[in-house]
Amino acid sequence: MTTSCTLKEFELLDGTSTQKLFIHLTPIIISVGLLGNILTICVFIMTDLKRQSVSILTIALAIVDSLVLLIPVSLLWLETLLKRELTDASPFWCRTHGFFDLAFTCCSSWLMVCIAFERFCAVWLPHHNKILFTHRKIFFLVLGILFISTILSTWFIFVVKIVIKTRAPNLTYTSTIKNSLKNTSENFLSWQPLQTSSDNHTLIHYSKCGVYDDSLYDTMGMVSVVINYFLPFIFVLLLNSTVIYRLCQRGIVELTSSITVTLTLVCLVHLLCTLPFQCWWIYYEALDQTGDCLWLKNKLTWRTITFTIRNINYMANFFLYSCSSKLFRDELKGLVFLCLLPHEKYQSYHYRRQSLYDNMQQQNVSIMRLIMRRLSRTPEYTNGGVIVNPVGAAVADESPVANL
């Protein structure tokens, strides 16, 4: 994308309410999101929820969402806060800042598709769900999604590069440039702006993270948006529509305890939070015909708004689990008591739940063993309509057992 506006992003949005809101809201999203994702991982690993096969998907989703908040979101927030583009200071960040964002968001979106498909099978194919989604199969599915997402995002590394550009000095930001020159580390001295004189005018040569081919970058960016957002959006929307339809048909779903309702709500919030950002990308990339500063300011303003809404998705899952699932709240409460209150009744929480599960498993095995034992001694039927019981006593035709 080539533009004629020489101002940088922080210069275009400097002092605007959108930039101030982004600067103050983003650290809250990052810190709260990281804490919530860590608690989610602990609950699904250290409690009985780990026995659910879908727990592997929720754990992987929490890890990927945390990585999104840690790297691309934090990097953009630091650039806005420091009023300095960190991607221009190092070839490594220039080539990888977009790669991390594409890889992690792609992985997060397709994990959401897997969660929606698992709930679809649990509702429509309950007898085959345990066979289709075992812990082992889901683990390899997560590894496959991570590998494919990484491969599909490597294109960004090969289409960007550090380029040297020239601009006239901006008197408003002269002091800012001088301060940034003083504070820049020695490792990045080769990428600092240099001033030269030409035709009695002082020109500033500065490094910029650019692209090799504008059309290739726009094309691959559009393909990535389709893969990372549009296709998962369609799949999640269709699968959750069928799940909601099935739940409405049953009419007996407990909204406070059903894991299907919880995961469906998570998918719906994902749809609502990612839709504005993908609409922004498609609209502004398709209509990128002008490069004046006013048009770029509008583009960056809407990018900041939709980007913030998208980031809320990577923070909200813990609160969705807590609000919609009583089982999750109970397990979280027991886990907190186990860690914070060193009392005997809380220390025995894990072992009590474990022994309860083992007793239930042993009881199920005992019942199945009795049923198989009973079926192996099939009663004999005589021509007189008499049933011979296991002890060997005959029962008359008019008795309730014979009539049964």
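This is a predicted model: local features need pLDDT of at least 70, side-chain atom pairs count only at pLDDT 80 or more; totals for chains, interfaces and linings use all residues.

Trainee: Which residues make the contact between H11 and H12?

Mentor: H11 contributes Phe318, Tyr321, Ser322, Cys323 and Ser324, while Lys326, Phe328, Arg329 and Leu332 come from H12. Sorted by class, the contact has five nonpolar, two polar and two charged residues.

Trainee: What makes Cys323 exposed?

Mentor: Exposed requires over 50% relative accessible area. Cys323 has 65%, so the label exposed applies. This residue lies in helix H11, and its C-alpha is 8.7 Å from that of Thr262, although Cys323 and Thr262 are 61 residues apart in sequence.

Trainee: How do you know that the side chains of Arg310 and Asp101 meet in a salt bridge?

Mentor: The cut-off is a side-chain nitrogen of Lys or Arg within 4 Å of a carboxyl oxygen of Asp or Glu. For Arg310 and Asp101 the N to O distance is 3.3 Å, and the pair counts as a salt bridge. The two residues come from distant parts of the chain: Arg310 sits in helix H11 (residues 293-324) and Asp101 in helix H4 (residues 91-124), 209 residues apart.

Trainee: Why is Arg310 called buried, and why does Asp101 count as buried?

Mentor: Buried means under 20% relative accessible area. Arg310 has 0%, so Arg310 is buried. Asp101 is at 15% relative accessibility, and therefore counts as buried.

Trainee: What about Arg51: what makes the side chains of Arg51 and Asp48 a salt bridge, and why does Arg51 count as partly exposed?

Mentor: Their N to O distance is 3.7 Å, and the limit is within 4 Å. As for accessibility, buried stops under 20% and exposed begins over 50%, with partly exposed in between. Arg51, at 27%, therefore counts as partly exposed.

Trainee: How many salt bridges does a search of the whole structure find?

Mentor: The search finds five. Another pair among them is Glu118 with Arg119, at 2.7 Å from N to O. Glu118 and Arg119 are both buried.

Trainee: Where does the record place the "transmembrane region" annotation?

Mentor: The unreviewed UniProt entry gives residues 21-44, 56-78, 98-117, 138-164, 226-247 and 259-283. In the model, residues 21-44 are 100% helix, with end C-alpha atoms 34 Å apart. Residues 259-283 are also 100% helix, and their end C-alpha atoms lie 37 Å apart.

Trainee: And how many helices and strands are there in the protein?

Mentor: The protein has 15 helices and five strands. Of its 404 residues, 41% are buried. Among contacts between residues at least 6 apart in sequence, 76% join residues at least 24 apart.

Technical notes: Residues are numbered from 1 along each chain as its sequence is written. Side-chain values use heavy atoms; hydrogens and water are left out. UniProt positions are given in the numbering used here, feature names are shortened, and annotations may be inferred rather than shown by experiment. Helices (H or I, at least four residues) and strands (E, at least two) are DSSP runs, numbered from the N terminus. Buried means under 20% relative accessible area, exposed over 50%, partly exposed in between (1.4 Å probe, protein chains only). Contact means heavy atoms within 4.5 Å. Ala, Val, Leu, Ile, Met, Phe, Trp, Tyr, Cys and Pro count as nonpolar, Asp, Glu, Lys and Arg as charged, and the others, Gly among them, as polar.
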